[in-house]
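Let's walk through this protein together, one piece at a time. Keep the picture at hand as you read.

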Amino acid sequence: MANPLDTDAGSELFSTYEAELKLVQADVNQKLDQIPELAGEERKVAIRAAERALDEAKELLDQMNLEKSNIPTSQRSKVNSRFRNHQSDIDTLARKLKSLAESERKQLFGDRYTDDPEGGPRDAQLEQRQQLLSGTERLGRSSDRLRESQRIALETEQIGASTLADLHQQRNVIENTHRNLLQSEGYVDRSVKTLRGMARR
């Protein structure tokens with residue numbers, strides 16, 4: 001069984017975020033595949049859901065990018081390659097979602113549609129609510145990941161403390177054994193001297 005202390009905390013967290021990213025990425029892919037088949041309010045809801053999932057994926061990428069610095073240099077090359085692949089995949093999904101969202105806006109506004117944020121119809125109050133909701137969700141996910149990081153750090157600390165306690169106990173056993181051995185050697189020496197004295201008589 002591998003020693004838990006041999007597992008690098010940075011590598012473990014990176015792998016945890018990576019596994020979570022793959023799940024979120026699969027969810028985004030599924031949502032993007034469904035959007036072209038939808039229309040009206042269902043399509044708008046699906047686009048917003050995909051945007052939230054994509055935001056979560058980007059947050060996970062940010063966390064992975066931070067954890068890269070905690071990974072040993074010998075492993076960092078492979079990790080960087082994996083990170084770039086994930087980053088490229090998420091960028092591709094973002095472009096696909098943007099294309100679908102723009103198509104939705106053009107269907108709604110026709111010739112009035114524009115990429116200019118100052119032009120075209122917009123509901124400022126609705127946009128503010130959406131931004132607030134999105135920010136709250138991101139904060140919640142970040143808090144969850146922070147708690148998970150703290151849990152892993154605490155478990156690692158507890159494992160380390162337990163291992164140190166075991167080592168201390170083993171050291172005491174070795175020291176006691178050594179003292180007993182020295183004491184036994186003393187008894188043997190005295191016995192040998194006694195036997196030699198008896199032999200001379």
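We begin with Arg-43, which is found in helix H2, residues 40-68. Helices here are DSSP runs of H or I with at least four residues, numbered from the N terminus. This is a predicted model, in which local features need pLDDT of at least 70 and side-chain atom pairs count only at pLDDT 80 or more, while totals for chains, interfaces and linings use all residues. Residues are numbered from 1 along each chain as its sequence is written, and side-chain values use heavy atoms, leaving out hydrogens and water.

Is Arg-43 buried or exposed? Arg-43 counts as buried because its relative accessibility is 6%, and buried means under 20% relative accessible area (1.4 Å probe, protein chains only). A polar atom of the Arg-43 side chain lies 3.1 Å from the backbone oxygen of Ile-35.

Ile-35 also takes us to the largest nonpolar core, which has 26 residues; Ile-35 is among those that touch the most other members, as are Leu-32 and Leu-97. Such a core is a set of buried Ala, Val, Leu, Ile, Met, Phe, Trp, Tyr and Cys residues joined through side-chain atoms within 4.5 Å. Helix H1 (9-34), H2 and helix H3 (73-109) each supply at least two residues of this core, and H2 gives the largest share, 9 residues.

Finally, how confident is the predictor? Its confidence in each residue is the pLDDT, from 0 to 100. The protein's mean pLDDT is 77, and 80% of its residues reach 70 or more. Over residues 111-122, though, the pLDDT is below 50.

Key:
Buried < 20%, exposed > 50% of the residue type's maximum accessible area, 1.4 Å probe, protein only. Polar contact = N/O pair within 3.5 Å; in protein donor to acceptor, adjacent residues only side chain to side chain. pLDDT = per-residue confidence, 0-100. Contact = heavy atoms within 4.5 Å.
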